[in-house]
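Here is a briefing on one structure, grouped by topic. Take a look at the fold before reading on.

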Amino acid sequence: MNPRLTTLEPSLIRELNARKRPGDLDLGLGEPVLPPDPAALDAGLRWMAENGCRYSPNLGFPEVRAAVGTYLERPADEVCLTNGSQQALHLAMVTALDPERDEVLVIEPGYPAYAKIAQMLGLAVRTVGLDPERHFAPRADRVLGALRPQTRLVVLASPNNPSARIWPAAELEKLCAGLDDRWLVFDEVYRELYYTPEPPPRPVHARALLVGGLSKCASLTGLRIGWLGAPAELMPLVLRAHQLITTAASTYAQRVALEILTHGHAGDQRRIYRQRLGNLLEALRASALEFVEPEGAFYCLVRVGRPSLPAALELLEAKRVVTVPGVAFGAEGWLRLSWAGPPQEVREGVARLTEWSTTADRRSG
Ligand SMILES: Cc1ncc(COP(=O)(O)O)c(C=O)c1O
């Protein structure tokens, strides 16, 4: 068996979920619960009834690549449709790097799959942490200071999972200027879910690899549609790897995506999340909890100031609230709450977390 897989640590998100009992309040979710747009799903079905459900070209239907290209502000021939953005992450690392030589730098807190995909591919991985005292504000100098000659790829998400922070334009510019010819995987799967006045800035970098999809913004996690935007120099390898790994993204999913993108509907649910964020902030501000104010996505880090796995297990046991321990993301001492769910449940979850943290403080004090 492949030791690179047998030695990968199991997901803590799953561990917490496995202990969930019926009736527990679930603030551990990593996916939206809003219904998807039925018109887009119907349009995909109608297209297949008329045209069949055959393979698409390996990199995707030309019109779908063009629509994603417009969305990414890149030429259509620099786009590959994938089965979810997760597959685009894999495709980026498997094509851009040489496992004999190259190292990946993961910025933490970050999505746990980055390091695990790299490890599965036999790539060396290092991490660099953003400062918890500054609530994980994105900082180019921290990242650039951690680069070594063998570091050939840096991966980050903006908006971020779990910190919900967005890389500001000035920091992103500094980061790109210092990367030289290194790759930058820019995961923007939460791009449409931003609560700042402007959409999240994008990197201007010749070797940026844009990873995105419709899972989060359009409540389509189960559809499995995403994309990779890569410079022309990498596309021959993207084609080769994609062909071997999966042939092509799902024909149905691509037609649904085309409907959403051509009608400019990718950001339709932002308004609902903005309201939900207002509800969360009201509940958190009324508590004494320290938290990182979300700028995007639907997560929020709350400080517990002690090891997060036992804290999450205790909270689940004592108050029946599911959260994800920050240690899973490189944010030890914090819990990740997801506020994608119904507002009354999120309020109740925050109330129980506050009660629990006050009694826990009393016990330790
Ligand atoms: C930061 C980040 N990137 C990528 C993904 C993968 O999403 P999908 O494959 O559904 O597009 C997730 C899922 O939770 C995520 O949080």
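**Ligand shell**

The residues around the ligand divide into three nonpolar, nine polar and one charged. The model is a predicted one. The notes below start at the ligand, then turn to strands and helices.

- The ligand is surrounded by 13 residues.
- The closest of them are Gly84, Ser85, Gln86, Asn161 and Ser215.
- Helix H5, residues 84–96, gives the largest share of this shell, with three residues.

- Strand E8 spans residues 226–229, and both of its faces are covered.
- Gly226 and Leu228 lie on one side of E8, Trp227 and Gly229 on the other, and all are buried.
- In a regular strand, side chains alternate between the two faces of the sheet.
- Strand E2, residues 79–82, runs antiparallel to E8 and is joined to it by four bridges.
- Thr82 has Gly226 of E8 as its bridge partner.
- Strand E7, residues 208–213, also runs antiparallel to E8, again with four bridges.
- Here Val211 has Leu228 of E8 as its bridge partner.

- Strand E6 covers residues 183–187, and five of its five residues are buried.
- Trp183, Val185 and Asp187 point one way from E6. Leu184 and Phe186 point the other way.
- Strand E5, residues 151–157, pairs with E6 in the parallel sense over five bridges.
- Ala157 has Asp187 of E6 as its bridge partner.
- Strands of a sheet pair through backbone hydrogen bonds, either parallel or antiparallel.

**Open sheet E9-E12-E11**

- Three strands form an open sheet in the order E9-E12-E11, with antiparallel pairing.
- Strand E9 (299–303) and strand E11 (324–325) stand at the edges. Each has a single partner strand, so one side of each is left without a neighbour in the sheet.
- Strand E12, residues 334–338, runs antiparallel to E11, and two bridges join them.
- Pro325 has Leu335 of E12 as its bridge partner.

**Helix H11**

- Helix H11, residues 270–285, has 16 residues.
- From its first C-alpha to its last, H11 reaches 22 Å, close to the 22 Å expected at 1.5 Å a residue.
- Which residues of H11 are buried? They are Tyr273, Leu277, Leu280, Ala283 and Leu284.
- Seen down the axis of H11, the buried residues fall within an arc of 125°, so they line one face of the helix.
- An α-helix has 3.6 residues a turn, so residues three or four places apart point the same way.
- On the other side of H11, Arg271, Arg274, Gln275, Gly278, Glu282 and Arg285 are exposed.

**Ala257 in helix H10**

- Ala257 sits in helix H10, residues 251–262.
- Is Ala257 buried or exposed? Ala257 is buried, because 30 other C-beta atoms lie within 10 Å, and 20 or more count as buried.
- Leaving aside neighbours within four places in sequence, Ala257 is in contact with Val64, Leu214 and Ile225.
- Ala257 and Val64 are 193 residues apart in sequence. In space they are 7.6 Å apart, C-alpha to C-alpha.

Note on methods: Residues numbered from 1 in each chain as written. Predicted model: local features only at pLDDT ≥ 70, side-chain atom pairs only at ≥ 80, totals over all residues. Near = placed C-beta within 6 Å. Nonpolar A, V, L, I, M, F, W, Y, C, P; charged D, E, K, R; others polar. Expected span 1.5 Å × (residues − 1). Buried ≥ 20, exposed ≤ 12 C-beta atoms within 10 Å, placed from the backbone. Arc of directions from axis to C-beta. Pairing = 2+ DSSP bridges. Contact = placed C-beta atoms within 7 Å.
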